[in-house]
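Have a look at the sequence and the model first.

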Amino acid sequence: MSKSDIHKSNFNKIFYPKSIAIIGANNVEGTVPYDIVANILKSNYKGIVYPVSPREKSILNIKAYKYVIDIEEPVDLAIVVFPSSVCNLVFEQMGQKGIKTAIIISAGFKEVGGIGIEREKQIKEIADKYGISFIGPNCLGVINTDPSISLNASFARNMPDEGNIGFLSQSGALCTAVLDYAQSKNIGFSKFISFGNKADISEIDLLYYLADDPKTKVILIYLEEISEGKALMACAKDIISKTGKPILVIKSGRTNEGAAAAASHTGSLAGSDEICNAAFEQAGIIRCNDIMEMFDIAVAFAYQPIPENNRVAIITNAGGPGVLTTDALINDGQQLAAFSDETTTIFRKELPKTANIKNPVDVIGDARADRYNIAVTESLKDDNVDAVFVILTPQSMTEIETIAQEIVDVSKNSSKPIYTSFMGAVDVNEGINILEKNNIPNFMLPESMSKAFASVFKFGQLLANNGAFQNINKTKKNSKKANNILTEALKDGKIFLTEDKTTELLSCYDLPVLESYVANSAVEAVGFAENIGYPIVLKILSDDIVHKFDVKGVLLDLKSKDEVAHGFSSIIENVAKLAPDAKIKGILVRKMIPEGEEVILGIKRDNSFGPVIMYGLGGIFVEVFRDINFRVAPLSPSDIESMVLETKSSKLLLGARGRNLKDVKSLYSCLAKLSELAVDLPQIKELDINPLILLDENKGCYIADAKIML
Amino acid sequence: METIEVNERVKKSIANVLKIGTESIADDANFIFDLGADSLQSVLLVASFEEEFDIELDEDKALNVQSVSDAVEFIQEYLD
């Protein structure tokens with residue numbers, strides 16, 4: 001039985017335990033051991049509680065046991081609050097008692113280093129010996145709002161309301177802040193889990209648990225580090241495709257230290273945060289920038305249906321916010337609905353003459369509940385409308401609570417989503433309460449309403465076509481030969497491949513390299529040029545030179561024998577001057593590639609996500625424009641298409657301003673081959689193809705320059 | 001000093017700090033797990049041993065001592 005299977009079989013005892021032992025409990029109010037017992041009792045937990053304390057006879061009027069093995073009845077879950085130094089003794093007794101699940105609240109493990117690491121290892125070993133699954137250590141605990149169990153096994157101040165949002169957090173302290181914020185917004189939770197050091201049960205195990213949990217509709221997760229990026233991506237794809245549950249993530253640590261030290265363009269451009277974004281995008285995970293944004297999107301998912309299309313009707317009693325919302329909606333790639341003639345006729349008849357009956361519908365500042373009712377009801381009925389945004393600003397005559405109640409009532413008879421933005425704070429508060437308590441999401445700002453809608457719609461589209469999760473096509477290749485090239489280079493202590501070896505390796509994957517020849521004299525270079533045909537490119541070949549342009553080691557567009565002969569000599573002179581220590585192996589002679597669009601392709605290896613592919617606008621200014629995109633390999637056809645088309649410069653390839661269409665199909669093919677190469681050859685640390693020259697439609701593409709770092 | 005005497009005086013110190021009878025302190029008892037000492041009491045135990053035996057203990061090492069038998073062995077090193 002795998003560890004994950006053991007956890008799966010144990011999860012019910014963690015979240016629905018019939019009995020709980022709190023090991024290390026005490027009678028000192030305001031301490032974690034005491035508050036855990038108090039919170040369990042206060043939450044009206046439906047099972048039996050056994051405090052375990054070496055010195056206390058009772059805690060909060062419940063009989064205490066000296067050791068967990070003294071409890072005669074079976075115990076489903078142990079909550080460990082003893083200091084880390086004795087958790088190994090606790091786990092041994094738990095094993096002897098036959099307890100299969102635990103939550104270790106205590107800190108003082110891996111997070112403190114030194115002896116803490118050893119202690120964490122020790123408890124893991126004991127857990128493995130007895131088949132125990134545990135959450136933590138160093139966590140806040142677990143909350144299950146399901147009324148059938150009603151369990152607050154944490155030291156959070158309050159038990160949240162019941163809801164359909166499952167929340168996972170690596171940070172314990174953040175959990176309490178989130179709970180407090182959620183309470184102010186009337187947001188309930190199904191499960192609330194702080195998983196701390198994730199020494200045993202990981203976020204992936206918990207994601208699968210929430211995916212199977214019928215009480216959870218939306219999954220939120222706060223992560224500080226991603227140790228198994230590939231596994232997280234696979235898990236998210238699996239959950240989304242099987243359950244349709246959205247996964248919203250806040251991943252902290254957006255800095256990119258280390259990227260600057262990279263040797264290639266790809267290395268310097270592909271920071272960990274960009275890679276994380278790409279991986280989330282590919283896996284269908286919705287990344288949020290902050291807690292507020294996360295809950296804005298979460299309630300949109302939790303309270304309202306996913307729209308079939310993105311044509312939105314905006315109903316407002318104020319022109320300004322209506323325009324702001326329209327701007328936000330269009331900027332977020334959504335559409336303003338065009339009302340049917342029938343709807344327009346009704347609006348003309350029922351709304352005042354001064355009202356704007358076109359979208360955004362302005363029911364005018366003095367609007368009472370009746371006008372809102374007509375506008376919302378008729379918009380929802382209209383086949384040209386997929387969703388309705390209701391905006392309200394509090395005028396003296398605005399019937400805020402009545403309008404809120406009308407929206408709630410109307411929404412009950414509609415399968416289309418309604419979002420609201422009751423703008424303000426004090427006057428609108430009671431109206432917002434009515435909305436939120438009745439599952440109508442309310443947003444402080446129209447912009448956040450639009451953003452939430454865009455996220456929900458995008459996710460709906462993903463579910464509708466399952467496009468992000470296509471199979472990967474295999475390409476023609478000779479990976480054995482490529483491996484041999486790399487093995488030999490590594491054996492010789494090389495840190496990058498020379499150009500001739502790079503060309504040989506890329507051709508093993510059928511990537512479009514031009515044949516080149518090594519000349520050791522000007523006469524030899526001219527001989528090769530005469531055979532290949534003009535124009536010609538000359539390039540220095542040396543193990544000691546990575547950036548050939550920097551040492552004036554490249555000459556382009558040489559059109560005659562004389563130019564080639566002279567070029568050969570000037571490259572040798574330049575290199576002798578600018579890189580006097582470099583050992584020159586010769587000069588490469590190659591045909592000049594015709595003019596085309598310059599793009600960059602690259603590989604970087606990420607510790608967590610593995611090989612990452614980069615695509616973007618190429619040339620020497622790639623770092624300046626940063627018009628680039630990343631995807632984690634292997635790439636599916638839709639990954640390839642989206643990573644190209646999402647760049648601004650993609651329009652250049654598609655015939656912008658009268659340009660010729662470029663051979664995008666050959667570019668897609670190169671990316672597919674590069675993806676396969678990246679997966680097959682882990683010896684490659686970084687790879688740059690810069691530029692790849694993309695010719696006109698059906699004319700293919702050529703690699704003009706490439707570097708491979710080992 | 002004989003081990004038996006060190007053992008008795010260690011138990012006496014523990015009993016004073018934790019306010020329990022010496023008879024309830026087993027030779028292999030763990031201060032936290034068996035006797036219920038909290039973090040403050042763990043510090044007080046070190047101070048109490050120093051006073052009882054008139055010695056100065058390395059505080060970091062002393063705080064890692066977790067049981068009666070470990071404490072006896074640790075203190076005896078200082079006395080020898």
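In which hand does α22(A) pass α24(A), left or right? The crossing is right-handed. Keep in mind that this is a predicted model.

Let's stay with that pair for a bit. Helix α22 of chain A covers residues 637–645, and helix α24 of chain A covers residues 664–680. Their axes come within 10 Å and cross at roughly 120 degrees, so α22(A) and α24(A) count as oblique to each other. On the α22(A) side, the contact is made by I640(A), E641(A) and V644(A). On the α24(A) side, you'll find V664(A), L667(A), Y668(A), L671(A) and A672(A). Sort the residues of this contact by class and you get seven nonpolar, one charged and no polar.

Now zoom out. Chain A is split into domain 1 (3–216), domain 2 (305–440), domain 3 (515–592) and domain 4 (597–709). Going by C-alpha atoms, the centres of domain 3 and domain 4 of chain A are 27 Å apart.

Next, pick out P51(A), which sits in strand β2 of chain A, residues 48–52. Is P51(A) buried or exposed? P51(A) counts as buried, because it has 26 C-beta neighbours inside 10 Å. Leaving out residues up to four places away in sequence, P51(A) touches I22(A), A25(A), V37(A), I59(A), I62(A) and A64(A). V312(A) is another matter: 261 residues along the chain from P51(A), with 55 Å between their C-alpha atoms.

Finally, look at where the chains meet. Chain A and chain B each bring eight residues to the contact. On chain B's side, those are three nonpolar, four polar and one charged.

Key:
Residues are numbered from 1 along each chain as its sequence is written. Chains are lettered from A and ligands numbered from 1 in the order in which they are written. This is a predicted model: local features need pLDDT of at least 70, side-chain atom pairs count only at pLDDT 80 or more; totals for chains, interfaces and linings use all residues. Domain bounds come from an automatic or database domain assignment. Two residues are in contact if their C-beta atoms, placed from the backbone, lie within 7 Å. Ala, Val, Leu, Ile, Met, Phe, Trp, Tyr, Cys and Pro count as nonpolar, Asp, Glu, Lys and Arg as charged, and the others, Gly among them, as polar. Axes are lines fitted to C-alpha atoms, for helices over the stretch in contact, and angles run from 0 to 180 degrees between N-to-C directions. Helices (H or I, at least four residues) and strands (E, at least two) are DSSP runs, numbered from the N terminus. Angles under 35 degrees count as roughly parallel, over 145 as roughly antiparallel, 65 to 115 as roughly perpendicular and the rest as oblique. A crossing is left-handed if the near helix is turned anticlockwise from the far one by less than a right angle, and right-handed if clockwise. A residue is buried if 20 or more other C-beta atoms lie within 10 Å of its own, exposed if 12 or fewer, and partly exposed in between; C-beta atoms are placed from the backbone.
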